[in-house]
2 protein chains.
Amino acid sequence: MPSSSTPRFQMFYWPSAFRGCFISYLFAYQEVPLLEEYNPDVIARLMSQPPGSQDIPFIGPPLLKDLKTGQTLSQMPAIVQYASHELGLAPSEPYAAAVCQKIIMDCNDLLMEICQYNGSRMWTREEWQEFRNRRFPRWLAVFEASLARGDIGGQTVTFADIGVYALLGNMIRCLPELEPDVQTHAPGIHRLCQQIGAKPSLAAHVSELEQAFGKSYCGGQIEASIREMLASDE
Amino acid sequence: MPSSSTPRFQMFYWPSAFRGCFISYLFAYQEVPLLEEYNPDVIARLMSQPPGSQDIPFIGPPLLKDLKTGQTLSQMPAIVQYASHELGLAPSEPYAAAVCQKIIMDCNDLLMEICQYNGSRMWTREEWQEFRNRRFPRWLAVFEASLARGDIGGQTVTFADIGVYALLGNMIRCLPELEPDVQTHAPGIHRLCQQIGAKPSLAAHVSELEQAFGKSYCGGQIEASIREMLASDE
């Protein structure tokens, strides 16, 4: 086996795509091997160590570890930017790179909103309607405007393009009831997600995640709460 | 007036230090002028524009605008990294820079936790006790371990050092009841905050914020809720 197929990086995340796929999709898109650890017992053990004993002091996954140097990183947006630099998916011009990072932060914020801040409470009908009818469309308009400005969807694919696909492509895969919302409020973004997801190496990886974890989204009681809201929206 | 004292950047934020100070402290520390707009009517007007009409499509402040080029950025962690690059406060080595960005994300997460996700609900006694007795000490241990590893507190001051001061120095200034928590669980971080805050240009800026906004923390009902919890902790 050639050394280039020996993964240099290992990712640690819960057994779902939710935040981890922002990282794994970058590697899959660039056809660079990545070791992936989704065993929840392993994750829970790493989390429960005292911060001084952890490879990097952290609160929650994902983690990315450089198996050559042992250097480890937590915090999805920091990992995405670092890995993108290694994988050739980050613009070199500082403002363009910052705008990509801003878009990843937007993705991260919307993830937090849909999962009610890591499930800190469940959805009520009233709050969900406010989210689906006002807040989610506003977020989608923000992404669509970013596309119109050329901050995403350009000639050269960046980590922001793949991040938007990790956010909305995965959301649509796991919660297909939301696809019409994306088509209505962000038709260009919907097309961008289809383009990014059509890359064969990435499509193969998404298929592997589907086989491993099905349509599991963020997991836990909060996923049940989202699905309950979606069912009663019908 | 020499052109070097004409601000190149303008920051837009609500009238408090909360997230904006992560940006303004960088400029103050480096003695680089920054135009600051804290008028809530201006902020509300910018936020309510359609995303396609905004200087950058965004949901909430802070914003940083380059007055020379018009290039604008939202999302505090993205702004901090970009401004730090311009101000000479970012490490050039990619992993070191990523670790600094990870620490800013940690700061951002702790801000979200103490303000209950932008005031999406109020504190209950039980949740506050869980936060103050377990979650906040764990976060402080994470920062203390980052200091022990040399990721902050090194010879060269970075945006991560200033970010930790923007988080905990400002928290202690506005909510002094929490200073003993920091001294107990992160004594080295407490000393680091004192060192960073002793820089005369930064101390002068903090004093200006205090004169303008007093000890206002995150504002709104959620600040009242935090203060109610602190009062009943006595």
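Predicted model: local features only at pLDDT ≥ 70, side-chain atom pairs only at ≥ 80, totals over all residues.
Pro62(B) sits in the loop of chain B that runs between helix 2 (40-48) and strand 3 (63-66); helices here are DSSP runs of H or I with at least four residues, strands are runs of E with at least two, and both are numbered from the N terminus. The peptide bond that leads from Pro61(B) into Pro62(B) is cis, with omega near 10 degrees. In chain A, Pro62(A) is likewise placed in the loop between helix 2 (40-48) and strand 3, and the bond from Pro61(A) to Pro62(A) is cis, with omega near 10 degrees.

Residues are numbered from 1 along each chain as its sequence is written, chains are lettered from A and ligands numbered from 1 in the order in which they are written, and side-chain values use heavy atoms, with hydrogens and water left out.

Let me stay with chain B and turn to Ser74(B), which lies in strand 4 (residues 72-74). Is Ser74(B) buried or exposed? Ser74(B) is buried, at a relative accessible area of 2%; buried means under 20%, exposed over 50%, and partly exposed in between, with a 1.4 Å probe and protein chains only. Setting aside neighbours within four places in sequence, Ser74(B) is in contact with Lys102(A) from chain A, and with Ile56(B), Pro57(B), Phe58(B), Pro62(B), Leu63(B) and Ile79(B). Contact here means heavy atoms within 4.5 Å.

Helix 1 of chain B (residues 21-29) is mostly covered, with 9 of its 9 residues buried. Among them are Phe22(B), Tyr25(B), Phe27(B) and Tyr29(B). Just after this helix, Glu31(B) takes a positive phi of about 55 degrees. In chain A, Glu31(A) has a positive phi of about 55 degrees although it is not a glycine. Glu31(A) belongs to the loop between helix 1 (21-29) and strand 2 (35-37), and is exposed, with a relative accessible area of 59%. Gln75(A) also has a positive phi, near 75 degrees, and is a residue other than glycine. Gln75(A) is found in the loop between strand 4 and helix 3 (76-87), and at 12% relative accessibility it counts as buried.

Two further residues of chain A deserve a moment. Leu67(A) is placed in the loop between strand 3 (63-66) and strand 4 (72-74), and is partly exposed, at 38% relative accessible area. Which residues does Leu67(A) contact, leaving aside its neighbours within four places in sequence? They are Pro7(A), Arg8(A), Phe9(A), Gln10(A) and Leu35(A). Leu35(A) is 32 residues from Leu67(A) in sequence, and their C-alpha atoms are 9.6 Å apart.

Cys107(A), by contrast, is found in helix 4 (residues 94-114) and is buried, at 0% relative accessibility. Beyond neighbours within four places in sequence, Cys107(A) is in contact with Phe22(A), Phe143(A), Gly163(A), Val164(A) and Leu167(A). Its C-alpha is separated by 9.1 Å from that of Trp139(A), which is 32 residues away along the chain.

Along its principal axes, the C-alpha trace of chain A spans about 50 × 40 × 30 Å. Buried residues make up 55% of the 234 residues. Of the contacts between residues at least 6 apart in sequence, 73% join residues at least 24 apart.

Finally, the two copies. Chain A is superposed on chain B by a rotation of 180 degrees with 0.0 Å of shift along its axis, at an RMSD of 0.0 Å. That is the relation of a two-fold axis. The C-alpha of chain A nearest the axis is that of Tyr117(A), 3.6 Å from it. The superposition is by least squares on the C-alpha atoms of residues with pLDDT of at least 70 in both copies. Of the interface residues of chain A, 100% are also interface residues in chain B, so the copies meet through the same surface.
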